[in-house]
Amino acid sequence: EPFTESNVVFFDKIGDAKWKAAFTNFFFLEGEGSAGGGEQAAACLEKVQSGLRSILQNVVLLRESKDSFHPRFGCLETHSFKSLEPWVQRAVSSLHDDYFFRKQDSLWRSNALKTLPNLVAATNMLVCGEDLGLIPECVPSVMSDLGILGLRIQRMPSDSSKEGEFGDLSQ
């Protein structure tokens, strides 16, 4: 699950050990204390925790300040998003794409152009940058401008029209 670490923090904050003990005691008091009840309580507890994690992850917008929000990365896959009316889904999707793929591109570029030259100058090694998968649009041009090599994996061609095909070894 993508937010396992934050979920662990959440359960620790409410006193995970105490919560588990209280849950198990409740489970036994409700008549489930027969042989194997401990395993049943543990299984039920895991199911409840899993459900709570799903609720925590079912978020479309995150609060930045009192009256400012931004979309959560991956919000387009949540049940909350899927239950919105189509016109609202389009608006949220546009906001999501603008926030993650356009609005922050200049920030990525300026930070890379400020930081990466120092890293490249600090070593005699051949510098190679990870540019696979979901990356800001500016990454290929910044890497090219700074003479940083990218990664090429035969089964992961950078040309999305060739997705699923082997890349051309001559390139």
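These are my notebook entries on one predicted protein model.

**Entry 1: the whole chain**

I started with the overall make-up. The model is a predicted one, and I kept that in mind throughout. I found 7 helices and 4 strands in the protein chain. Reading along the sequence, I wrote down the pattern α-α-α-β-β-α-α-α-β-α-β.

Next I looked up burial. Of the 171 residues in the protein chain, 19% are buried. The accessible surface comes to about 12,500 Å². Carbon and sulfur atoms account for 58% of that surface. Taking contacts between residues at least 6 apart, 37% join residues at least 24 apart.

**Entry 2: helix H5**

I turned to helix H5, residues 86-103.

Which residues of H5 are buried? I noted Val92, His96 and Tyr99.

An α-helix has 3.6 residues a turn, so residues three or four places apart point the same way.

**Entry 3: a salt bridge within H5**

I searched for salt bridges. The count is 1. Arg102 and Asp98 form a salt bridge through their side chains, at 3.5 Å from N to O. Both residues sit in helix H5, 4 residues apart, which puts about one helical turn between them. Arg102 is partly exposed at 48% relative accessibility. Asp98 is also partly exposed, at 31%.

**Entry 4: aromatic rings**

How many aromatic pairs does the structure hold? I found 2. Phe73 and Phe100 make an edge-to-face pair, with 5.0 Å from centre to centre and 80° between the planes. Phe73 is in the loop between E2 and H4, while Phe100 is in helix H5, so this pair ties together parts that are 27 residues apart in sequence.

Tyr99 and Phe100 pair as well. Their ring centres are 4.9 Å apart and their planes stand at 90°, so I logged this pair as edge-to-face.

Phe73 is partly exposed, at 44% relative accessibility. Phe100 is partly exposed too, with a relative accessible area of 23%. Tyr99 has 17% relative accessibility; it counts as buried because the cut-off is under 20%.

**Entry 5: a nonpolar surface patch**

I looked for nonpolar side chains on the surface. Leu61, Phe69 and Leu95 form a nonpolar patch there. Together these residues have about 260 Å² of accessible area. I followed up Leu61. Leu61 belongs to strand E1, residues 61-65. Its relative accessible area is 38%, and Leu61 is therefore partly exposed.

I moved on to Val59. Where does Val59 lie? I placed Val59 in the loop between helix H3 (37-57) and E1. Val59 is partly exposed, with a relative accessible area of 23%.

I listed its contacts, leaving out residues up to four places away in sequence. Val59 touches Arg72, Cys75 and Thr78. I looked up one of these partners by distance. Val59 and Thr78 are 19 residues apart in sequence, and their C-alpha atoms are 7.0 Å apart in space.

My last stop was Leu126. Leu126 is in the loop between helix H6 (105-121) and strand E3 (128-129). Is Leu126 buried or exposed? Leu126 is exposed, at 71% relative accessible area. I also checked its separation from Leu149. Along the chain, Leu126 and Leu149 are 23 residues apart. Their C-alpha atoms are separated by 8.3 Å.

Terms used
Residues numbered from 1 in each chain as written. Predicted model: local features only at pLDDT ≥ 70, side-chain atom pairs only at ≥ 80, totals over all residues. Heavy atoms only, no water. Patch = residues over 30% accessible without salt bridge, like charges linked within 9 Å, V, L, I, M, F, W, Y side chains within 5 Å. Areas by Shrake-Rupley, 256 points an atom, 1.4 Å probe, with all protein chains shown as cover. Salt bridge = Lys/Arg side-chain N within 4 Å of Asp/Glu carboxyl O. Helix = DSSP H or I, 4+ residues; strand = E, 2+ residues; numbered from the N terminus. Buried < 20%, exposed > 50% of the residue type's maximum accessible area, 1.4 Å probe, protein only. Expected span 1.5 Å × (residues − 1). Contact = heavy atoms within 4.5 Å. Phe/Tyr/Trp six-rings, centres within 6.5 Å; stacked < 30°, edge-to-face > 60°.
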